[in-house]
Amino acid sequence: MTDLIHLPDLTAAELIDFVQSLGAPAYRGRQIFTALHARRTGDFDGITELPKAFRQQLSSRAATRSLTVEQRYISADGTRRLLLKTHDNLPVETVFIPEERRDTICFSSQSGCPLKCDFCLTAKLGLLRTLTAGEIVEQIIISLNDAYGEGVETPRGTNLVAMGAGEPMLAFDSLMKALSIMADPKGLHIVPNRVTVSTAGIVPRIYELAQIPDRPHLAISLSAPNDELRNVLMPINKRWSIAELMQACKAFEQSLKRGERFTFEYVMLDGVNDGDEHARELAALLKRHNLRAKVNLIPHNAAEGLAYLPSTPERVAAFKGILESHNIAAYVRRPRGQDIYAACGQLAAKRASNPLALTNIVARSASTQPSLASPSSIV
Ligand code: SAH
């Protein structure tokens, strides 16, 4: 694989250059691009419009896939979690979330993650490697094929969220290239306006993103209303404080389109950051900076190896109420795919270490029983 050109990593223009370097005309490049991205074809033989000899020549120089599907889990709620592996054997996870009007695919930007957020399981892996643009694009292609079948037109639109494993702002070049490949109308045609990038707060990249005309939406993982607590929960805060983060948000606000807001995500940890006083402090912080923002409250998804418990629904409701009483829009995110460890912060959980437990969950999901298994009851 390493010697082969990974075709999903190429823009249409690069693909044209590549086929021309093989002595083929430009339109062959366009045919391949459409086959790979619009039809989501996984092998050269599926690109029947190419002469057989050219297909053979291509397959000796290039690959259509670099990720392989290791396992697939399907939740009782329809969420599909794919465990993929890179050509150099590193784990990548992608979660497909069907929704009534659109589908959402949560993709990874890195294998593992270098940030050490204390409530997130992916953090325990450390950084294994930043993914390439092609590996990001391929996650989307594989995920759509898994849900609908290769070549089948998707019935709904697709939203993307860079909220899987990794810190997308530390995979900036790969991410931006992947977004431009995916936006191509001759291919997947998922435009940046359908993409949300979530960051733990890599401040210089927030300024940089604001300068990009056709940029994705931004979500900021805040999870604490003051530096003292955020330093503990999200150590990246020691590098860029809340004040610096807010300043970057203020600058980013200039780039917001009409009706666009940015999102603060707040993971709710029982007895840690979910008190009335935290809600009031958060409201004061957001008011002070007068940001066009909403808050998404994410009840903590527990997993073995994480020290926290989720806030109770009553606590979450009270917290939300306080934000709203200060005129701050707040939403509670319904966890999806919790029974298959597909929810936020659970990626990297329960891979090969306990495959039996997962088999049971898959079996249970396939049955009509709708109840979600609590993670602790599975292990
Ligand atoms: N590194 C990026 C994107 C990945 S995390 C970021 O930090 O934003 C995606 C979201 O999941 C973040 O908002 C993060 O705070 C949240 N998250 C992490 N661990 C979680 C957990 N155990 N339960 C609920 N949400 C979690």
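Colleague: Quick one to start: are F262 and F264 buried or exposed?

Modeller: Both of them are buried. The model is predicted, so local features need pLDDT of at least 70 and side-chain atom pairs pLDDT 80 or more, while totals for chains, interfaces and linings use all residues. Residues are numbered from 1 along each chain as its sequence is written, and side-chain values use heavy atoms, with hydrogens and water left out.

Colleague: How do you know that F262 counts as buried?

Modeller: Buried means under 20% relative accessible area (exposed is over 50%, partly exposed lies in between, with a 1.4 Å probe and protein chains only). F262 has 0%, so it qualifies. F252 also sits at 0% and counts as buried. Across the 379 residues of the protein chain, 56% count as buried.

Colleague: What makes F252 and F262 an edge-to-face pair?

Modeller: Rings of Phe, Tyr and Trp (its six-membered ring) pair if their centres lie within 6.5 Å; planes under 30 degrees apart are stacked, over 60 edge-to-face, and the rest tilted. Here the centres are 5.7 Å apart and the planes meet at 75°, so edge-to-face it is. F252 belongs to helix 8 (residues 242–253) and F262 to strand 12 (residues 262–268), 10 residues apart. Those are DSSP runs numbered from the N terminus: H or I of at least four residues for helices, E of at least two for strands.

Colleague: And why is the F262 and F264 pair called tilted?

Modeller: Its centres are 5.7 Å apart, and the planes are at 50°; that angle falls in the range left over for tilted pairs. F252, F262 and F264 make up one aromatic cluster, and the whole structure holds four aromatic pairs.

Colleague: Why are helix 4 and helix 5 called oblique to each other?

Modeller: Helix 4 (residues 133–148) and helix 5 (residues 172–183) pack at about 50°, with axes 8 Å apart. Axes are lines fitted to C-alpha atoms over the stretch in contact, and angles run from 0 to 180 degrees between N-to-C directions. Under 35 degrees is roughly parallel, over 145 roughly antiparallel, 65 to 115 roughly perpendicular, and the rest oblique. The two helices are therefore oblique.

Colleague: Which residues of helix 4 and helix 5 make the contact?

Modeller: With contact meaning heavy atoms within 4.5 Å, helix 4 brings A133, I136, V137 and I140, and helix 5 brings S174, L175, K177, A178, I181 and M182. They divide into eight nonpolar, one polar and one charged. Nonpolar covers Ala, Val, Leu, Ile, Met, Phe, Trp, Tyr, Cys and Pro; charged covers Asp, Glu, Lys and Arg; the others, Gly among them, are polar.
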